[in-house]
Amino acid sequence: MADFKPLRLKVEDGDDLTVVSAALQDAVGQLGDFSWDSRARRFRMLLNRYRWEAAGDRGKGERVRTALQVDSVLSVRSRNVKQTAPDAVVSLLALAFERKDDDPEAPEGTLVVTLAGGGDIRIEVECVDVILADVSEPWRARARPAHETGPETGEAGS
């Protein structure tokens, strides 16, 4: 862990969002650490990210506290996400961008945060404006995420 360099990514294009999605695969977080500020037009998530880039071929790997910020947000909707349970732990599977009206030139669209268990958060944006930043030192993970029939973390918040 001595060679840790915090991951810091800024994305302004839906096509480049795949890098952030790969970095966040198997991240876990509590719903109480997700926030939508309509006045600032900002959505934030604090997550425990599995450091795939440092996992190697053996061992349990590491996790690090990571912040994801989405700006230029018009609205936020969720499906199959129990918003009244702030302590509930969710596992992030993917982050994708759906352009409005399938227009390849349109900057607006929807960021879709796909969660394990069939839930998702849909963030309607004026344009892609996303920042991901590691905000802590890494710690040893309890287990390496496993993917037999589909992504599973096997570890709630480790």
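Trainee: Why does Thr 66 count as buried?

Mentor: Buried means under 20% relative accessible area, exposed means over 50%, and partly exposed is in between (1.4 Å probe, protein chains only). Thr 66 has 0% relative accessibility, so Thr 66 counts as buried. Before we go on: this is a predicted model, in which local features need pLDDT of at least 70, side-chain atom pairs count only at pLDDT 80 or more, and totals for chains, interfaces and linings use all residues. Residues are numbered from 1 along each chain as its sequence is written, and side-chain values use heavy atoms, with hydrogens and water left out.

Trainee: Thanks! Where is Thr 66 placed, and which residues is Thr 66 in contact with?

Mentor: Thr 66 sits in strand 5; strands (E, at least two residues) and helices (H or I, at least four) are DSSP runs, numbered from the N terminus. Contact means heavy atoms within 4.5 Å. Setting aside neighbours within four places in sequence, the contacts of Thr 66 include Leu 24, Met 45, Leu 47, Leu 132 and Val 135.

Trainee: What makes the meeting of the Thr 66 and Arg 49 side chains a polar contact?

Mentor: The distance is 3.4 Å. The term asks for a pair of N or O atoms within 3.5 Å; within protein, one must be able to donate a hydrogen and the other to accept it, and residues adjacent in sequence count only if both atoms are side-chain atoms. So 3.4 Å falls within the 3.5 Å limit.

Trainee: How do you know that strand 4 and strand 5 pair?

Mentor: Two strands pair if DSSP finds at least two bridges between them. Strand 4 (residues 42–50) and strand 5 (residues 62–71) have nine, in the antiparallel sense. Thr 66 in strand 5 is the bridge partner of Leu 47.

Trainee: Why does Arg 41 count as partly exposed, and why does Asn 80 count as exposed?

Mentor: Arg 41 is at 30% relative accessibility, so it falls in the middle class. Asn 80 is at 59%, so it counts as exposed. Asn 80 lies in the loop between strand 6 and strand 7 and has a positive phi near 60°.

Trainee: What makes a set of residues the largest nonpolar core here?

Mentor: The set must be buried Ala, Val, Leu, Ile, Met, Phe, Trp, Tyr and Cys residues joined through side-chain atoms within 4.5 Å. The largest such set has 27 residues, with Leu 24 and Ile 123 making the most contacts inside it. Strand 7 gives the most to this core, four residues. Beyond four places in sequence, Ile 123 touches, among others, Phe 43, Val 70, Leu 111 and Val 113.

Trainee: And the largest pocket: how many residues line it, and what is its volume?

Mentor: A pocket is an open set of points on a 1 Å grid over the protein atoms alone, where a 1.4 Å probe fits, with protein on both sides within 12 Å along at least five of seven lines; lining residues have an atom within 4 Å of a point. Here 13 residues line it, with Leu 31, Phe 34, Phe 43, Ser 78 and Gln 83 nearest its centre. Its volume, the space filled by probe spheres set on the points, is about 220 Å³.
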